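Visitor: Hey, I've got a structure open and I'd like someone to walk me through it. Can we take it bit by bit?

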Amino acid sequence: PENIDECVAFAEQYSLLSESEIEKAKKFQDIGGVGPGGCTSEKACEAYCENVSNIEECLAFAEQNGFMEQGELEEARRVATALRQGAQLPGGCTGKDSCEEYCSDSSHMKECVEFAEKAGFMSAEELKEAKQVLKALDAGVSFPGNCKGKNECDAYCQDSSHMEECVNFGIAAGFIPLKEAEQVRKMLPLMKSGKMPGACREGKQECEAYCGQEENIEECTTFFTEAGFMTQEEAQMFKK
């Protein structure tokens with residue numbers, strides 16, 4: 001800690017830290033170079049504040065001295081409020097990193113969704129989707145490829161060879177309405193062979209936007225014809 005001024009000056013001179021990091025380091029020194037629990041360095045303060053039992057103290061310090069962005073501050077306040085009201089962190093995790101690691105495992109999904117709902121982390125739409133997934137899992141449906149977490153599942157389902165498995169999960173979980181399920185199944189052979197037009201790999205809305213652009217009409221019309229949504233005659237009429 002006694003070397004901090006010299007080191008911050010060096011980092012600032014050679015742009016080794018971002019402007020916000022420099023500002024925080026200077027501010028930390030201005031308030032005496034001591035944080036919650038008597039921590040005197042960034043790592044020590046992070047280690048102390050990673051423990052949720054110290055959340056109130058750390059939150060007050062960060063808010064008072066402007067060490068957290070508004071979004072982070074609001075998120076931390078929600079956690080603190082939920083804990084004050086008796087909520088328990090999922091799996092006994094003790095900080096953001098350990099909680100994110102615990103909740104990335106889909107087998108812990110129910111517990112994590114319940115906490116997220118209590119803490120107000122999820123929008124109504126996100127909560128609805130999560131509960132749909134939980135209902136499917138309770139009915140015995142498995143995640144595609146036993147993927148764990150949204151990122152891993154998204155990556156798995158981007159592979160066209162997994163498309164049928166992922167579509168079946170989407171139907172079982174209610175993400176694909178039954179009235180659209182037959183249309184999606186019609187497209188499966190083309191999806192698996194990688195013949196989807198442009199942004200159609202991203203979802204229905206992106207697909208409609210992509211196919212609504214004049215320069216993509218030829219590509220989309222060919223796809224709709226091959227998928228059986230249009231006859232050759234209808235395709236020709238549409239192009240005209």
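Predicted model: local features only at pLDDT ≥ 70, side-chain atom pairs only at ≥ 80, totals over all residues.

Visitor: Okay, helix α5 then. How far apart are its end C-alpha atoms?

Guide: They are 21 Å apart, which agrees with the 21 Å that its 15 residues (70-84) should span at 1.5 Å a residue. The expected span is 1.5 Å times one less than the number of residues. Helices here are DSSP runs (H or I, at least four residues; strands are E, at least two), numbered from the N terminus.

Visitor: Which residues of α5 are buried?

Guide: L73, A76, V79, A80 and A82 are buried in α5. Buried means under 20% relative accessible area, exposed is over 50%, and partly exposed is in between (1.4 Å probe, protein chains only).

Visitor: And what covers them?

Guide: The cover over the buried residues of α5 includes α4 (55-65) and α7 (109-119).

Visitor: What about L83, where does that sit?

Guide: L83 belongs to helix α5. It counts as partly exposed because its relative accessible area is 26%. Leaving out residues up to four places away in sequence, L83 touches V52, I55 and L89, where contact means heavy atoms within 4.5 Å. L83 and V52 are 31 residues apart in sequence, yet their C-alpha atoms are 9.1 Å apart in space.

Visitor: What follows α5?

Guide: That would be G86, whose phi is positive, near 100°.

Visitor: Switching topic: how many residues does the largest nonpolar core have?

Guide: It has 18, and V167, M187, M191 and C211 have the most contacts inside it. A nonpolar core is a set of buried Ala, Val, Leu, Ile, Met, Phe, Trp, Tyr and Cys residues joined through side-chain atoms within 4.5 Å.

Visitor: Which elements give two or more residues to this core?

Guide: They are α10 (163-172), α11 (178-192), α12 (204-211) and α13 (217-226). The biggest giver is α11, with 6 residues. Another core lies apart from that one, with 13 residues, among them L59, L73, V79 and C99.

Visitor: You mentioned M187. What does M187 touch?

Guide: Not counting residues up to four places away in sequence, M187 touches F223, A227 and F229.

Visitor: Now the rings. How many aromatic pairs are there?

Guide: The structure holds 6 of them. Rings of Phe, Tyr and Trp (its six-membered ring) pair if their centres lie within 6.5 Å; planes under 30 degrees apart count as stacked, over 60 as edge-to-face and the rest as tilted.

Visitor: Why is the pair of F10 and Y14 tilted?

Guide: Their ring centres are 4.9 Å apart and their planes are at 50°, so the pair is tilted. F223 and F224 make an edge-to-face pair instead, at 5.9 Å centre to centre with 65° between the planes.

Visitor: Is F223 buried or exposed?

Guide: F223 is buried, because its relative accessible area is 3%. F224 is partly exposed, at 24%. Elsewhere, ring pairs link F28, F61 and F67 into a cluster.

Visitor: Last topic: how many disulfides are there?

Guide: A search of the whole structure finds 7, each being a pair of cysteine sulfur atoms within 2.5 Å. One of them joins C49 to C58, S to S 2.0 Å. The torsion about that S-S bond is about -85°, so this disulfide is left-handed.

Visitor: Which way does C93 to C99 go, left-handed or right-handed?

Guide: The C93 and C99 disulfide is right-handed, because its S-S torsion is about 90°. C93 counts as buried at 8% relative accessibility, and C99 is buried too, at 14%.

Visitor: What about C103 and C112?

Guide: C103 and C112 form a disulfide with their sulfur atoms 2.0 Å apart, and with -85° about the S-S bond the link is left-handed. C7, on the other hand, is in no disulfide: the nearest cysteine sulfur, that of C45, is 16 Å away.

How values were computed:
Residues numbered from 1 in each chain as written. Heavy atoms only, no water.
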